[in-house]
Amino acid sequence: SSSSSSSSSSSSTSARSSAFVPVPTDASASAVVSYDLLGIAGGDDAAVALASDAFERVDDVVMGGVSSSSIAPDPSGRKCLVWAGKCRSQGGGFTGARSVALKTPLDLSAYDGVAIRAGFESDDEPSRRTWKATLRTQNNRGEVVYQATFVPPVSAPGGDAPGPEEEIKIPWASFRLVRGPVVVPDVPPLSAEQCKAVYGVGLIMSRFGPRGPMPDFREGPFKLAIHAFGVYAADGIARGIAPPSLLPEAAGEENVGKKKSENRGSRTIVGWLLAPLVALVFSETGRRRKRARAILKERYGMGEVKARFAYGQGLKKARSGSGMKAAAEGVVQLARDAVAAVLTLPLRLIFIAVGRTIGLIRKLKDEKALPPMK
């Protein structure tokens, strides 16, 4: 199986052939056999780094939240990936890591489901978050994907990989089609046949459970050590099932390492021209600053001037060590925010006009007024 994998790789990939050999977690012909799609199991440091480069983050900043996460090789040197960060419910409430766009889809139809070996290392309450494995069966990067929930076992920080008895196995039938956090109604569960072409896999940690927001969701830091993420098959060896291609191999060298890969493909001339404007108006750093100021106002009663110029400038000075640098950074940020406000003014005026028109129509029909937009 390793020779077939190597022959389909590029020359530079072939030089890392040890990183492209999926290792069964159990060699018994009658047992359930798991294969690691990341190449970590049985791999070396280069394999772990390559697996890390096959992922990108998808945090709630896309909808105005302030959560953040990263997935990277374990800094202590363990042969695993560490997905860690901080999840905040304000404005969102989720963090995620998904594979970069795959040049060649994975054929996982011969297997029975997803297998994960991971340990939750930041606290002993993983059940106070909602954990989801994701699978993408369409060649796009939209929010409609298959998801299934699981709960990772608690592990000691820096500990060994969980044993076979703690491996998380999620059958295909547990995956449901979702749009955002909501299950799409009247769609049957995922089947093995639909897994002939898988265009992406991923993980999500969220405050949104199957019944909506979790009332006891635990915000703050989290850390998940990922020792293997792959697939499993009952009697896999006896059935003669070959190991699957690995995720970095399927992504291809042109996609691996694209941490911002929306991998959007070709842009139109209009999209190319509007890209700088979109980056200015909807920048992640700008949204984070705006949300941070809102939290200061909500929790501590600060006004806009104090939050921005007193508290904000104090943080900048402490970070840079220079009052001049802090002042210059503040001026640049204020200018960017002012330009963004001016550019979005027409759109906001349109929303206000539409809202008032709808309100007038409802009033003429003697219907209950809609709640004001925040």
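## Ground rules

Because the model is predicted, local features are reported only at pLDDT of at least 70 and side-chain atom pairs only at pLDDT 80 or more, while totals for chains, interfaces and linings use all residues. Residues are numbered from 1 along each chain as its sequence is written, and side-chain values use heavy atoms, with hydrogens and water left out.

## The overall picture

Let's start with the whole protein. Its secondary structure comes to 8 helices and 15 strands; these are DSSP runs numbered from the N terminus, with helices being H or I of at least four residues and strands being E of at least two. Of the 374 residues, 41% are buried. Buried means under 20% relative accessible area, exposed means over 50%, and partly exposed lies in between (1.4 Å probe, protein chains only).

The accessible surface is about 19,800 Å², and carbon and sulfur atoms account for 60% of it; areas come from the Shrake-Rupley method with a 1.4 Å probe, and for residues only the protein chains shown count as cover. Among contacts (heavy atoms within 4.5 Å) between residues at least 6 apart in sequence, 76% join residues at least 24 apart.

## Strands and sheets

Seven strands make an open antiparallel sheet, in the order β2-β5-β12-β7-β8-β10-β11. Its edges are β2 (55–57) and β11 (182–183), each of which pairs on one side only. Two strands pair if DSSP finds at least two bridges between them. Between β2 and strand β5 (residues 94–99) there are 3 bridges, and the two run antiparallel; here Glu56 stands opposite Arg98.

Another antiparallel pair is strand β6 (residues 113–120) with β9, joined by 4 bridges. Within this pair, Val114 has Ile170 as its bridge partner. Ile170 also sits on the covered face of β9 (residues 168–171) together with Ile168, while Lys169 and Pro171 form the uncovered face.

Helix α7 (residues 304–320) has 17 residues and reaches 22 Å from its first C-alpha to its last, close to the 24 Å expected at 1.5 Å a residue. The expected span is 1.5 Å times one less than the number of residues. There is a bend of about 30° at Gly312, taken as the angle between axes fitted to the seven residues ending there and the seven starting there. After the helix comes Gly321, with a positive phi near 75°.

Helix α8 (residues 323–364) has 42 residues and should span 62 Å at 1.5 Å a residue, so the 57 Å between its end C-alpha atoms agrees. The helix bends by about 45° at Leu345, and a proline, Pro346, follows within four residues. At its start, a side-chain oxygen of Ser322 comes within 3.4 Å of the backbone nitrogen of Met324. Just after α8, Asp366 has a positive phi of about 60°. Buried residues in α8 are Ala326, Gly330, Gln333, Ala340 and Thr344.

Lys316 is found in α7 and counts as buried because its relative accessibility is 9%. Lys316 and Ala326 are 10 residues apart in sequence, and their C-alpha atoms are 5.0 Å apart. Beyond its neighbours within four places in sequence, Lys316 contacts Gly321, Ala326, Glu329, Gly330 and Gln333.

Which side chain makes a polar contact with the side chain of Lys316? It is that of Gln333, at 3.1 Å. A polar contact is a pair of N or O atoms within 3.5 Å; within protein, one must be able to donate a hydrogen and the other to accept it, and residues adjacent in sequence count only if both atoms are side-chain atoms.

## Asp123 in a loop

Asp123 lies in the loop between β6 and β7 (130–136). With a relative accessible area of 12%, Asp123 is buried. Its side chain reaches the backbone nitrogen of Glu125 at 2.8 Å and makes a polar contact with the side chain of Arg129 at 2.7 Å. Leaving aside neighbours within four places in sequence, Asp123 is in contact with Arg129, Val154, Arg218 and Pro221.
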